[in-house]
Each structure stands twice: as C-alpha cells, then as structure tokens.
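Me: Please take a close look at one part of this model, the charged side-chain pairs. Keep it brisk.

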Amino acid sequence: MNVNIMNVDYSTKIPNNVNLGEDRQVLKALEGWHPGYMNWWGDMGPEGFQQSLVYLRTAYSVDPRGWAKFDYVKMPDYRWGILLAPQEENRVIPFGQHFGEPAWQEVPGEHRAMLRRLIVIQGDTEPASVEQQRHLGKTAPSLYDLRNLFQVNVEEGRHLWAMVYLLQKYFGRDGREEADELLRRRSGDADSPRMLGAFNEATPDWLSFFMFTYFTDRDGKMQLHSLAQSGFDPLSRTCRFMLTEEAHHMFVGETGISRILQRTVEAMRAAGISDPNDIAKVRALGVIDLPTMQKKLNLHYTLSLDLFGSEVSTNAANAFNAGVKGRFHETQIKDDHRLEHDTYPVLKLVDGRIKRVDEPALTALNMRLRDDYTQDCAKGMLRWNKIISSAGYDFKLALPNVAFHRAIGEFKDIHATPDGLLIDDATWNKRKSDWLPSTDDGNFIASLMAPVTEVGGFASWISPPKVGIDNKPGDFEYVKIET
Ligand SMILES: [Fe+2]
Ligand SMILES: [Fe+2]
C-alpha cells in the first residue's frame with residue numbers, strides 16, 4: 001500500500017489523499033467552491049460557538065488503526081478534507097450485468113446520469129442535517145454533548161466535500177453546477193428544499209437529535225454500504241471511508257437514548273414510581289417519560305423508512321443491473337449477484353390487508369435494504385430495553401409496524417396502528433397523538449432544554465456517559481466557550 005494514499009496531504013488548501021497537488025484542474029475547481037462552502041457554514045452551520053475551541057477529531061489518514069487526531073479547534077478552522085479508502089488492487093464489480101469485470105476508475109458513459117443523481121442525492125443529505133441541527137448548540141445538556149453535536153456537524157460537512165469532489169472530478173461542467181446547487185438548497189425551505197423528506201423535518205430538541213442520529217444516520221449507513229459496493233471505484237472508496245465517521249454519529253444516537261432512559265428509570269425508582277405510564281408523575285421529576293420516548297422513536301423510525309423509497313422500484317433494479325448500487329454486504333451474500341431469476345418477499349397492501357408477496361428480487365431491492373436496516377435498528381432496541389428491565393420496569397420500546405405513519409411506498413394512502421392494524425381516518429385522527437409526539441409532548445421536551453455549560457455538568461434529564469471521548473475524564477472541558 002502506498003504511503004501517500006494512507007496519509008493525508010495537508011500542504012494544499014484542501015487536505016486530501018487523492019493527490020490534488022498534481023490534479024490542478026480539480027484543485028482549482030474545489031478552491032473555487034471553498035468560499036461558497038464557508039459562507040454556507042457561516043449562514044447555516046452551528047449557530048454561535050464559531051469562535052469556541054472544540055475538542056474535535058480530524059481525519060489524518062485512512063488507516064483503520066488510527067485515522068483521527070483529537071485537538072482543540074475552532075469549527076471554521078476545521079480542515080475539511082477529501083479522503084478515500086485505499087484502492088483495492090484488481091477490484092471487480094461485485095454484482096449486476098457487469099459482475100466480475102474490473103471496477104471502473106472513470107465514469108462509464110452509459111451510467112453517467114444515474115451515478116450523478118445518486119451522488120447528488122447522497123450529497124444533499126449531508127449539509128441538510130447540519131442545517132436541521134444548527135440551533136441545538138444553545139440548549140446542549142452538557143459540554144460533552146455539545147462537542148459530539150459539533151463533531152457530527154463538521155463531519156457531515158466533510159461528507160458534502162466528499163460528494164462534491166466526485167462531482168467536480170468526474171462530471172465536468174454539470175458536476176460543478178450540481179456542486180453549487182448543493183450549497184443553494186436549504187432544509188425545510190418552501191422554494192428550495194432539500195431533496196428527501198426526512199431532511200426537511202425540524203430537529204427541535206436533543207431527543208430528536210439522538211433519534212435522528214440513531215435512525216436517520218443509520219439510513220445513511222445503509223445507503224453508503226450499498227454505494228460502497230459500486231462498480232465506480234472512486235465512489236466505493238469514498239463511501240468506505242465515510243462509514244468510519246458515520247459509526248460515531250450512530251454511537252452518539254444510541255448512547256444518547258441510553259443515557260436518557262438511564263436517567264428516567266433512576267429518577268422513577270428514586271421517587272418510588274411503579275407505573276411507567278403515569279406520565280404526569282414522571283414528568284414532574286424533570287425526566288422524559290417512557291411513552292414519550294416511544295412516540296419519538298415511532299416518528300423518527302418511520303420518517304427514516306421513507307428514505308428507502310418504494311418497496312418495488314425499477315430505479316433500484318436499474319442501478320443494480322448497471323453495477324452502480326449494490327446490496328448491504330453484497331460480497332458476503334451467497335448467490336449469483338445478478339438476481340435475474342430470484343424473488344424476494346415484499347409487504348404489500350392486498351385487498352385491504354398487509355400481505356407478503358414474492359416480487360422479482362431486482363425490483364425489490366429497496367425492500368431488502370429496508371429489511372436490513374430494520375434488523376440493524378432492532379439491536380438498539382435490545383440494549384435500551386435492557387436498561388428499562390434492569391431497573392425493574394415492565395415496559396418495552398418497540399419498532400412500529402412498517403405500515404404505520406408512512407408517506408412513501410405501499411402504505412402511504414392508508415392508516416395503521418403501530419401494531420399494523422389497519423384503521424380508518426376518523427380513528428387515526430382520534431388516536432394519532434397516542435402514537436406520535438403531540439404539541440404537548442413537544443412543549444414538555446422543550447421545557448427541559450436548558451443549556452448546561454459548566455464543566456462536568458449534565459442536564460436533569462440525561463445521565464453522564466460511561467466513558468469520555470478520547471478517554472477523557474468526566475470533568476474534561478470539551479468545549480471552551482468564548483466569552
Ligand atoms: Fe454523512
Ligand atoms: Fe452522519
């Protein structure tokens with residue numbers, strides 16, 4: 001393995017391990033895009049704290065044994081770099097019509113439009129989440145959490161750079177135009193929204209942030225895994241490295257929810273509350289009750305399910321056939337990787353009932369990826385429920401049925417309960433707030449969102465983490481707030 005590929009060149013304005021120093025044209029295009037990015041970060045990045053010193057990790061190498069260094073840095077000085085995982089020698093396309101052919105180092109003309117679109121969609125989600133989370137700094141429950149928020153934000157910014165690099169290097173003029181558009185769209189904007197639904201929703205509080213990083217960043221993980229299989233090798237390498245950073249975002253989500261649950265059950269026990277559904281009593285303790293946790297979970301899980309698109313999709317089949325987007329863990333699956341004769345069970349609405357129907361495996365690829373996603377989500381449920389049961393409470397968080405609260409796919413026109421029972425509009429309207437966060441729930445959560453900025457301090461509704469970032473002690477000053 002070449003040393004230059006492993007280590008990152010910090011001598012150019014844009015740190016990179018793709019030899020930008022000798023790729024003057026692309027370097028120039030990226031340097032031309034840089035001021036617009038900094039303007040965007042200033043306008044739409046974290047509100048406040050831009051002059052604070054934040055204890056951040058920065059990627060310095062793509063070596064899995066040690067790719068990041070931690071240090072204090074002001075966010076605008078973070079070195080957003082272009083980092084690709086090392087090129088695998090003799091890599092072949094692992095699926096589709098081109099199965100077994102050498103991976104492409106340039107964009108094949110016939111698949112150009114499809115590749116560009118997939119890169120733009122992925123790219124669009126990265127700045128969107130930064131925009132959604134921009135106001136959370138002012139209500140952070142601790143300096144530890146504040147630091148984690150900013151780590152996620154700068155890395156989503158880097159992921160945008162990663163996609164913009166691909167657009168500018170491989171897609172010529174229309175790539176440059178798409179790169180500019182990525183800085184123009186805004187999450188939730190009426191005229192120029194981000195491309196996907198979940199990325200136009202508000203992230204109003206820290207519980208939403210943790211749910212988002214658990215459920216929605218995990219959709220990102222699944223998409224990146226599928227693109228990491230791509231026959232277009234630069235995309236594959238880019239996504240493989242992004243996944244290392246993405247793991248931390250989901251860790252922030254999973255442990256964030258765990259810490260909230262921990263605090264809730266501890267407070268309930270201390271107060272002698274035996275019924276987890278006694279919401280008023282639990283809320284009076286200044287912690288978030290378990291039924292509200294379930295409602296937030298229902299919301300973020302279902303918004304994230306919509307990101308997988310329609311269960312049956314010819315676009316998905318075309319991308320697979322073309323060798324552009326594969327399956328989760330494609331190379332570990334034992335089949336012919338062409339799927340021309342296979343079927344896959346898809347949940348559909350048949351005569352007013354939810355039924356499993358065998359569909360051609362190629363058109364069912366979105367469903368398959370979504371199933372893989374659901375399995376991945378379920379792991380957190382086990383850990384969270386253990387916290388609740390260990391405290392002696394009979395209450396289980398659960399993923400709602402996929403027919404519940406959907407805006408895309410087979411179930412978008414019907415209403416169902418979280419258990420998957422089909423119901424009419426009137427029943428839905430009557431019971432909706434039993435299953436999804438109501439205005440009251442939102443107001444209650446908002447009432448808890450008071451910032452804690454003292455070193456080592458934590459808000460009433462969340463436990464401290466078991467271990468610090470970079471093994472730092474509990475009283476570590478993760479963010480030195482400017483005064
Ligand atoms: Fe990302
Ligand atoms: Fe992420």
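Reply: Start with Glu178 and Arg116, whose side chains meet in a salt bridge at 3.7 Å, N to O. A salt bridge here is a side-chain nitrogen of Lys or Arg within 4 Å of a carboxyl oxygen of Asp or Glu. Glu178 lies in helix H5 (residues 172–184) and Arg116 in helix H3, so the pair ties together parts 62 residues apart in sequence. Helices (H or I, at least four residues) and strands (E, at least two) are DSSP runs, numbered from the N terminus. Arg116 counts as partly exposed, at 23% relative accessibility. Buried means under 20% relative accessible area, exposed over 50%, partly exposed in between (1.4 Å probe, protein chains only).

This is a predicted model: local features need pLDDT of at least 70, side-chain atom pairs count only at pLDDT 80 or more, and totals for chains, interfaces and linings use all residues. Residues are numbered from 1 along each chain as its sequence is written, chains are lettered from A and ligands numbered from 1 in the order written, and side-chain values use heavy atoms, leaving out hydrogens and water.

Next, Asp233 and Arg91 form a salt bridge at 2.8 Å, N to O. Asp233 sits in helix H7 (residues 233–270), while Arg91 is in the loop between strand S2 (68–74) and helix H3 (112–132), 142 residues apart. Asp233 is buried at 0%. Arg91 is buried too, at 12%.

Arg283 pairs with Asp289, their closest N and O atoms 2.8 Å apart. Arg283 is buried at 17%, and Asp289 is buried at 0%.

Asp124, Glu131, Arg185, Arg186 and Arg194 are linked in a salt-bridge network. The whole structure holds 32 salt bridges.
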